[in-house]
Amino acid sequence: MTVLTPEWTALLYLVAAVCFILALKGLGSPRTARRGNLVGALGAVIAMVVVFLSTELDNLALILGVIAVGTIIAVPASRMVKMTQMPQLVALFNGVGGGAAALVALLELEHSVSFGAYLAVAFTVLVGSIAFSGSVITFLKLQELMPTRPIVFTGHAAVIVVLAVVGLAAAAIIVLPEAWLASVGLGGLKWSAAVAGLGVGSVLGVLLVLPVGGADVPIVISLLNAGTGLAVAASGLVLNNTLLLVAGTLVGASGSILTREMAKAMGRSVTGILFGAFRGASSAGSTAASDRPVRSSSADDVAILLGYANRVVVVPGYGLAVAQAQHTMAELAQTLEAKGIEVVFGIHPVAGRMPGHMNVLLAEANVPYEALAEMDEVNPQFKTADVALVVGANDVVNPAAKTTPGSPIYGMPILDVQEARQVVFLKRSMRPGFAGIENDLLFDPKTTLLFGDAKESLTKVLGAVKNL
């Protein structure tokens with residue numbers, strides 16, 4: 001016996017949908033992101049409770065048991081994950097969503113009777129399975145459990161085309177009327193076609209992501225997230241569930257916009273990201289360390305440069321996140337400001353491993369939001385900066401994006417640190433960044449390198465600045 005009437009169910013679903021919309025609005029700014037996240041979680045709780053109170057559920061004990069198991073796994077995993085591993089977690093969550101949508105559509109096939117329902121099943125099975133397997137590969141690449149470079153084999157593109165054709169053929173069998181299929185000897189194959197579509201989509205997802213390398217992987221995560229959203233929206237049509245349709249559409253639309261903006265920030269097209277490796281245009285290169293001579297220095301020398309500057313622009317990158325040096329960096333900035341030195345943090349749109357990675361990291365260290373300047377805002381300030389302090393970033397400040405047409409990152413907008421009077425790089429080694437491209441700015445006469453773990457180096461610099 002259900003507790004909620006259809007009217008109350010529709011009303012509460014509307015409330016949940018509004019929560020999701022407000023959550024997206026809140027996540028658009030660091031000031032309101034925490035509140036937006038809580039509002040979205042509230043919407044999800046409302047939606048889940050409504051399902052239990054408005055539906056006759058068989059095997060309720062089994063359902064509750066599965067939820068309990070998922071909770072036991074997810075809560076510790078989410079709490080223990082490091083900020084540097086957040087993109088991997090997002091990839092896994094996204095993949096699970098796509099896989100779940102595909103499996104639900106597969107199970108609902110036998111209950112589908114209309115052309116629209118069959119079309120939704122076919123779409124969800126294919127796109128959901130692609131999103132699942134593709135997300136698993138992005139996780140493995142970002143976690144460096146497999147090579148981050150593009151992986152391409154002979155006939156790779158041809159295999160993708162063949163699988164796409166097979167997937168479309170399976171979808172056609174699912175969608176076409178049973179009577180017509182029987183007339184051409186294909187009757188009774190809808191279930192087999194759906195299973196085949198699930199398998200083909202899973203393999204296709206793997207093959208589409210393998211050629212992606214370097215800094216393009218986070219963009220593919222966003223693209224797959226958009227695919228998962230569309231698959232969930234289609235599953236809403238399969239299940240006749242308005243909330244799934246709304247939520248999936250929101251995820252699909254926001255993921256598509258984010259993908260476009262990230263690709264724009266990288267100066268690349270989405271097709272170039274997915275298929276660039278087939279024509280030798282991937283953003284991944286060598287991982288070998290350069291042996292060219294550079295000017296290295298000590299923490300004391302860097303402290304003198306910073307302590308006697310008027311304006312310092314800090315460029316944070318993935319190395320800052322890996323070293324968990326954000327609190328030390330924040331304290332150094334406060335110490336410099338106490339000495340009357342202006343400190344600005346220059347944030348590249350794709351610094352780190354996902355959009356907003358540096359914003360979240362610095363907010364965690366209580367760096368004022370007003371001190372963070374986006375790329376378009378901070379670039380004109382480098383000309384008047386006495387020191388540009390680059391902490392763990394490489395690709396987003398590499399002048400090759402502007403000066404070297406043959407470079408895989410050519411055309412990518414960068415932070416113009418080369419225009420500062422002095423440039424200081426904090427690096428572990430001379431290995432290139434995630435895109436595998438050597439940075440000629442490291443060998444510029446006005447550039448000083450301080451080697452070591454970012455947290456240890458910043459701690460030494462902070463101590464030296466305090467003693468000036």
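Here is a chat that goes from the whole chain to single residues.

Me: What kind of model is this, and how are residues numbered?

Reply: It is a predicted model, where local features need pLDDT of at least 70, side-chain atom pairs count only at pLDDT 80 or more, and totals for chains, interfaces and linings use all residues. Residues are numbered from 1 along each chain as its sequence is written, and side-chain values use heavy atoms, with hydrogens and water left out.

Me: How much of it is buried?

Reply: Of the 468 residues, 49% count as buried. Buried means under 20% relative accessible area, exposed means over 50%, and partly exposed is in between, with a 1.4 Å probe and protein chains only.

Me: What about contacts across the sequence?

Reply: Taking contacts between residues at least 6 apart in sequence, 77% join residues at least 24 apart. A contact means heavy atoms within 4.5 Å.

Me: Let's switch to the strands. Why is β5 called largely enclosed?

Reply: Strand β5 covers residues 422–427, and five of its six residues are buried, so it is largely enclosed by the rest of the structure.

Me: Which strands does β5 pair with?

Reply: Strand β4 (residues 387–391) pairs with β5 in the parallel sense over five bridges. Strand β6 (residues 447–451) also runs parallel to β5, joined by five bridges. Two strands pair if DSSP finds at least two bridges between them.

Me: Nice. Now Thr138: buried or exposed?

Reply: Thr138 is buried, with a relative accessible area of 0%. Thr138 sits in helix α5 (residues 115–142).

Me: What does Thr138 touch?

Reply: Not counting residues up to four places away in sequence, Thr138 touches Ala91, Val209, Val217, Val220, Ile221 and Leu224.

Me: And where is Gly319?

Reply: Gly319 is in helix α13 (residues 318–323). At 24% relative accessibility, Gly319 counts as partly exposed. Leaving aside neighbours within four places in sequence, Gly319 is in contact with Gly392 and Ala454. From Gly319 to Leu64 it is 42 Å in space, C-alpha to C-alpha, and 255 residues in sequence.

Me: One last topic: which loop holds Asn240?

Reply: Asn240 lies in the loop between α9 (217–239) and α10 (242–266). Its phi is near 60°, a positive value in a residue other than glycine. Asn240 is exposed, with a relative accessible area of 71%.

Me: How about Asn366?

Reply: Asn366 has a positive phi of about 65°, although it is not a glycine. Asn366 lies in the loop between α15 (357–364) and β3 (372–374), and counts as exposed at 63% relative accessibility.

Terms used:
Helix = DSSP H or I, 4+ residues; strand = E, 2+ residues; numbered from the N terminus.
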